Amino acid sequence: MSAKSLPPVVFIHGWKASVLADKNTGKDEFDYTFGVVMGLAKDPSIELPMEWDSNGNQVKDNLIATEACHSATCMCRMVKLGDIYGPLLDHLEKTRDLHVFAYDWRLCLDETAANFTQFLINVKEITGQSPQVVAHSMGCLLTLHVLNHNPDIFHSILFGAGAMSPNASVAKDYSLIGEKNTIVRNTTMFSPKINLSNPAALHFMAYPGERELYGKPTTALFRDVDNNNSLDLDLHNIDTWKQYKIGIYHPESGVDVVTKKMETWFQSVLDKAHNFRLGLLPKNTGLKASDCPPISVLRGDHSETEFSYTVRHSSKSTARNDGGSSYVDLKEGIGYLRGDGRVTLEDTVPPTDIPVCKIVTNAREHSEVLNDLENVDMLLNLLITERK
């Protein structure tokens with residue numbers, strides 16, 4: 001079957017996975033080049049203004065997303081050091097009518113979801129067919145949101161290593177210098193302070209009871225060290241971050257002074273994230289199973305993956321209501337589930353109200369899950385058959 005007779009394919013990438021270029025000069029400012037990832041070159045300036053424009057969107061800098069990250073390179077992209085999305089993109093470019101939605105992975109996801117919706121509409125108008133969407137990681141979260149509000153614009157969906165389910169693990173990205181903010185040997189390109197101005201990943205955070213609403217088998221993201229009881233913390237409330245010393249309040253965040261402006265900004269972002277996450281559940285949006293296009297999942301069972309954290313107390317207290325200090329331990333007492341190293345297996349599937357026709361599990365780590373070309377082709381073909 002020729003590519004022209006098949007529905008178009010739209011690819012949407014994940015967090016930190018598009019090239020950001022200066023819109024005025026065209027120069028690439030953010031990409032995974034040898035000098036940057038090894039900490040040998042100057043870090044790109046990716047902090048955004050912590051303020052909203054008149055439309056309620058974040059004020060922008062001069063950087064725009066130009067393409068999904070293809071490979072890690074050196075010598076002005078002449079030498080490839082490693083794959084990112086390269087194998088997948090090259091394959092789909094050769095075999096299908098491919099359209100790539102590159103977005104600024106720093107921005108709040110309500111704005112990006114609106115832009116993605118329009119992109120899909122445009123592809124449908126240009127090609128005359130609804131597209132098959134291949135999504136990775138944060139791209140799955142965005143796709144799930146669009147699906148809940150505009151199911152008719154999809155031919156079908158392949159969720160790859162989907163970071164759709166409510167979680168807590170990105171608290172480390174917003175709390176600790178190094179750790180998950182390290183890219184190969186670069187420990188300064190990303191930090192809690194920089195991430196505060198780049199709020200997209202805060203949309204991964206859970207609100208109380210959300211995992212139960214998703215129908216997840218494992219629901220406890222935090223446990224009390226004294227009694228192992230589950231604690232359902234509200235990660236969309238800044239007071240939780242203050243009380244349990246996470247994010248910019250963590251003593252190892254590198255943020256020496258937390259200003260009122262920073263706190264006001266942070267709570268406004270958490271409010272946006274909460275509203276966005278409400279729009280992911282069919283119970284809230286009215287999406288029916290019969291409205292959904294064919295959906296498949298490709299995920300990785302690669303390693304033990306961080307999932308839950310321990311809450312400790314700095315002083316003994318029986319009732320825990322005496323003002324004693326409590327904190328989330330992001331280094332010890334971590335709970336793990338099988339996954340791809342970033343997203344657990346159970347978190348790669350959408351809420352239980354959304355039907356999935358097939359789930360395939362490979363052994364790849366998070367960034368490599370969709371470079372499993374044989375299974376990508378199999379699932380895309382299956383989705384075409386399911387649609388007929």
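Biologist: Is Lys16 buried or exposed?

Modeller: Lys16 counts as buried, at 7% relative accessibility. Buried means under 20% relative accessible area, exposed is over 50%, and partly exposed is in between, with a 1.4 Å probe and protein chains only. Before we go on: this is a predicted model, where local features need pLDDT of at least 70 and side-chain atom pairs count only at pLDDT 80 or more, while totals for chains, interfaces and linings use all residues. Residues are numbered from 1 along each chain as its sequence is written, and side-chain values use heavy atoms, with hydrogens and water left out.

Biologist: OK. Where is Lys16 found?

Modeller: In the loop between S1 and strand S2 (18-22). Helices (H or I, at least four residues) and strands (E, at least two) are DSSP runs, numbered from the N terminus.

Biologist: And what is phi of Lys16 near?

Modeller: Near 60 degrees, a positive value in a residue other than glycine. Most residues other than glycine have a negative phi. Ala161 also has a positive phi, near 50 degrees. Ala161 is in the loop between strand S9 (156-160) and helix H5 (192-197), and counts as buried at 0% relative accessibility.

Biologist: Back to the lysine. Which ring does the charged end of Lys16 sit over, 3.9 Å from its centre?

Modeller: That's Phe190. Lys16 also lies over the face of Trp15, at 4.3 Å from the ring centre. The rule for a charge over a ring is NZ of Lys or CZ of Arg within 6 Å of the ring centre and within 35 degrees of the ring normal.

Biologist: Which residues do ring pairs link into a cluster with Phe190?

Modeller: Phe30, Tyr32 and Trp105 are linked with Phe190. Rings of Phe, Tyr and Trp (its six-membered ring) pair if their centres lie within 6.5 Å; planes under 30 degrees apart count as stacked, over 60 as edge-to-face and the rest as tilted.

Biologist: How many aromatic pairs does the structure hold?

Modeller: There are 11 aromatic pairs. One of them is Phe11 with Tyr85, edge-to-face at 4.9 Å centre to centre, with 70 degrees between the planes. Phe11 lies in strand S1 (residues 9-12) and Tyr85 in the loop between strand S6 (79-83) and helix H2 (86-95), so the pair ties together parts that are 74 residues apart in sequence. Both Phe11 and Tyr85 are buried.

Biologist: Switching to the core. Which residues have the most contacts inside the largest nonpolar core?

Modeller: Phe11, Met138, Leu158, Phe222, Trp241 and Val328, in a core of 108 residues. Helix H4 (residues 138-149) gives the largest share, 7 residues. A nonpolar core here is a set of buried Ala, Val, Leu, Ile, Met, Phe, Trp, Tyr and Cys residues joined through side-chain atoms within 4.5 Å.

Biologist: What does Met138 touch?

Modeller: Leaving out residues up to four places away in sequence, Met138 touches His13, Gly14, Trp15, Tyr103, Leu109, Ala163, Ala200, Ala201 and Phe204. Contact means heavy atoms within 4.5 Å.

Biologist: Then which residues line the largest cavity?

Modeller: Tyr174, Pro192, Leu196, Trp241, Gly247, Ile248 and Phe266. About 30 Å³ of space lies in that cavity.

Biologist: One more: what does Ser169 touch?

Modeller: Lys180, Glu306, Tyr309 and Arg342, not counting residues up to four places away in sequence. Ser169 is in the loop between S9 and H5, and counts as buried at 5% relative accessibility.

Methods
On a 1 Å grid over the protein atoms alone, a cavity is a set of points where a 1.4 Å probe fits but cannot get out, and a pocket is an open set with protein on both sides within 12 Å along at least five of seven lines; lining residues have an atom within 4 Å of a point. Grid points are joined across faces, edges and corners, and a volume is the space filled by probe spheres set on the points.
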